Amino acid sequence: MKHDSSTSAPTDLAQARATRNPLRKLYYWVLHWAATPYALPALVVLSFAESSFFPVPPDVLLIALCFSTPARWFKLAAWCTAASVVGGLLGYFIGWGLWETVGQPIVRMYHGEAVVEMVRVWYETYGFFGVLVAAVTPIPYKVFTIASGMMSFDLGQFVLASVLGRGMRFFLVAGLIRLYGARIKPFMERHFELAASALVVLAILGFLAIKYLK
C-alpha cells in the first residue's frame with residue numbers, strides 16, 4: 001500500500017468506499033489522513049480516542065507518517081504517546097465511574113471479558129509490572145484502561161505504566177522506521193505487535209534482574 005502525498009488520499013479513500021467491512025472502512029479512512037495537512041491533529045485525536053473506545057490503533061497512521069516524513073519520527077512518537085496516555089485516563093475514569101453504563105458495554109463490544117480478568121490477575125500477582133505488561137501486550141489498550149479504572153488500580157502506577165508501555169511501543173515503531181526505512185516496512189505492517197511485545201518482555205526481565213540479582 002502506497003502512502004506518498006500524490007496518491008495516498010484517493011487510493012485509501014477509494015478502498016474505504018469499496019469495502020463493506022466497517023472495520024476496514026475505518027482502517028482506510030484513518031490511513032488517508034497521512035496525505036493531508038491535518039495528519040498530526042488526526043494522529044493526536046486517533047491516539048486519544050483509541051485508548052478508550054475507537055477500534056483502529058494509532059500505529060496505522062503513525063507508521064504511514066513516519067514513512068512519509070522520517071525526520072519527524074521523534075515528534076510523531078511523542079505526540080502519539082502523550083495523546084494515548086491522556087486518552088487512557090479517560091478510559092480509566094470510564095471504568096471507575098461509568099462501568100455499568102459505558103465501560104462494560106465497551107468491553108463487551110470488544111469481547112474483552114476474559115482480558116479484564118487476566119489484567120486483574122496480573123495486577124494482583126505482579127503489581128506494577130503486571131500493569132506494565134498489560135499496557136503493551138497486544139490486548140486492546142482500551143480494555144486495559146477501562147479495567148484499570150473499574151478495579152481502582154493505583155492511579156500513579158497506571159499512569160507510569162501507560163507512559164512507559166505506550167512510549168516503548170510508539171517510539172519502537174517510529175525509531176525503527178527512522179533507522180531502517182522501507183526495508184522494514186513489510187515486517188512492521190505484518191508483525192508489529194510481536195516486535196513490541198518482545199521489546200517489553202526484555203525490558204521487564206531487565207527490571208527483574210536488577211531487583212533480584214543485586
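Author: The residue to start from is L90, which is placed in helix α5. This is a predicted model. L90 has a relative accessible area of 35%, so this residue counts as partly exposed, a class that lies between 20% and 50%. Together with F48 and V86, L90 makes a nonpolar surface patch of about 220 Å².

Helix α5 covers residues 73-97, and W73 belongs to this helix as well. A search of the whole structure for aromatic pairs finds ten. One of them joins W73 to F171 in an edge-to-face arrangement, with 6.4 Å from centre to centre and 85° between the planes. The angle is over 60 degrees, which is why the pair counts as edge-to-face. Distant parts of the chain are linked by this pair, since F171 sits in helix α10 (residues 155-180) and the two residues are 98 apart. W73 has a relative accessible area of 24% and is partly exposed. F171 is also classed as partly exposed, at 25% relative accessibility.

Other rings form a cluster: Y92, F93, W96, Y141, F144 and F158 are linked by ring pairs. Y141, a member of that cluster, also has a charged neighbour, as R166 lies over the face of its ring at 3.9 Å from the ring centre. A further contact involves K142, whose charged end sits over the ring of Y110, 4.8 Å from the centre of that ring.

Key
Residues numbered from 1 in each chain as written. Predicted model: local features only at pLDDT ≥ 70, side-chain atom pairs only at ≥ 80, totals over all residues. Heavy atoms only, no water. Phe/Tyr/Trp six-rings, centres within 6.5 Å; stacked < 30°, edge-to-face > 60°. Helix = DSSP H or I, 4+ residues; strand = E, 2+ residues; numbered from the N terminus. Buried < 20%, exposed > 50% of the residue type's maximum accessible area, 1.4 Å probe, protein only. Lys NZ or Arg CZ within 6 Å of the ring centre and 35° of its normal. Patch = residues over 30% accessible without salt bridge, like charges linked within 9 Å, V, L, I, M, F, W, Y side chains within 5 Å. Areas by Shrake-Rupley, 256 points an atom, 1.4 Å probe, with all protein chains shown as cover. Salt bridge = Lys/Arg side-chain N within 4 Å of Asp/Glu carboxyl O.
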